[in-house]
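This note is intended to accompany a first reading of the structure. Please keep the display in view while working through the numbered points.

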Amino acid sequence: MGTDRMKKICIVGASGKLGQYMVRHALERGYEVVGVCRESSVPKLAAFEGRITVVPGPTNDPEVIRKAVAGCDGVLTVLAPWGVRQYSSGTAQAVLDHARPGARLVFSCGWHITRDGKDKYSRLFTAGVRIAAVLAKLVRAAEIDDQVEACRRIFASDTRWTVVRGSSLEEGESQGLPVWSRHVGDPVLASNLTRRVDFALFMVEALTDDTLVQEAPAIVGRRTPSAVAHA
Ligand SMILES: NC(=O)c1ccc[n+]([C@@H]2O[C@H](COP(=O)([O-])OP(=O)(O)OC[C@H]3O[C@@H](n4cnc5c(N)ncnc54)[C@H](OP(=O)(O)O)[C@@H]3O)[C@@H](O)[C@H]2O)c1
């Protein structure tokens, strides 16, 4: 789909850090933006008042999503595994069910998600994810397994999806569009660092990049040593 056909988009999880960067990039491109966030987080979008439409509510509520994605050409979804009530998979399912047929659907997650099992993780990374998953579930803060389930459903769908797998993130000024590879473990990704503003840029650019349809790119900052070395 060319940029000219991408007019109205929905950002699910608009009030978070990644979400707010995506709102900025989308407005810069002249898109009409509908943002979804929890009712208590609406004030976090005050800077965009009058420029975006906000649909308040839980992102895993099918009715909230149905209303928000109506008429949208693309949907950007922040998959967050918070809580222990299938928040990620509920959010993904609602988007898959209610976005209009043919809409571009772009989801965010981390490197720990694997599409084909061919990613190569360091022992440290795997142990870190396992420990974080157990601890987070123990204190009922997050359900990393549910983000895995969300992505399993997306990968199995015949929609025009992209799952963007983010490396470790940092704040800072944009360094431009991150580079990507199909598999974690590919040398270009070794630096494992991306600016959050550029993660958001990649998500928004993916809306109009048909080469990313049904791909799960793992990204890294374009000025990181590994990206520069393999340019
Ligand atoms: N953080 C990392 O190092 C990292 C690394 C790789 C990939 N990623 C991926 O990047 C994306 C954004 O992550 P982020 O860490 O940068 O966070 P973020 O952009 O701040 O997004 C967090 C999202 O989760 C929502 N949220 C927070 N607590 C919640 C709760 N208790 N119940 C429901 N929703 C809640 C936030 O909404 P409110 O505004 O309402 O709080 C926001 O939409 C995610 O898909 C993540 O998997 C992150």
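Which helix and which strand each supply at least two residues of the shell around the ligand?

1. The structure is a predicted model. In answer to the question above, helix 1 (17-28) and strand 5 (104-110) each supply at least two residues of the ligand shell.

2. There are 23 residues around the ligand, and those that come nearest are G13, G16, S41, A80 and G166.

3. Turning to the fold, the protein chain contains seven helices and 10 strands. Its radius of gyration is 17 Å, close to the 17 Å given by the globule rule for 231 residues, so the chain is as compact as a globular protein of that length. The C-alpha trace spans about 45 × 40 × 35 Å along its principal axes.

4. Of the 231 residues in the protein chain, 44% count as buried. Considering contacts between residues at least 6 apart in sequence, 74% join residues that are at least 24 apart.

5. F48 lies in the loop between strand 2 (32-37) and strand 3 (52-56). Is F48 buried, exposed or partly exposed? F48 has 18 other C-beta atoms within 10 Å; because a residue counts as buried at 20 or more and as exposed at 12 or fewer, F48 is partly exposed.

6. F48 also illustrates how sequence separation and spatial distance may be read together. F48 and R24 are 24 residues apart in sequence, and their C-alpha atoms are 8.7 Å apart in space.

Notes. Residues numbered from 1 in each chain as written. Predicted model: local features only at pLDDT ≥ 70, side-chain atom pairs only at ≥ 80, totals over all residues. Helix = DSSP H or I, 4+ residues; strand = E, 2+ residues; numbered from the N terminus. Rg over C-alpha atoms; globule rule 2.2 N^0.38 Å. Contact = placed C-beta atoms within 7 Å. Near = placed C-beta within 6 Å.
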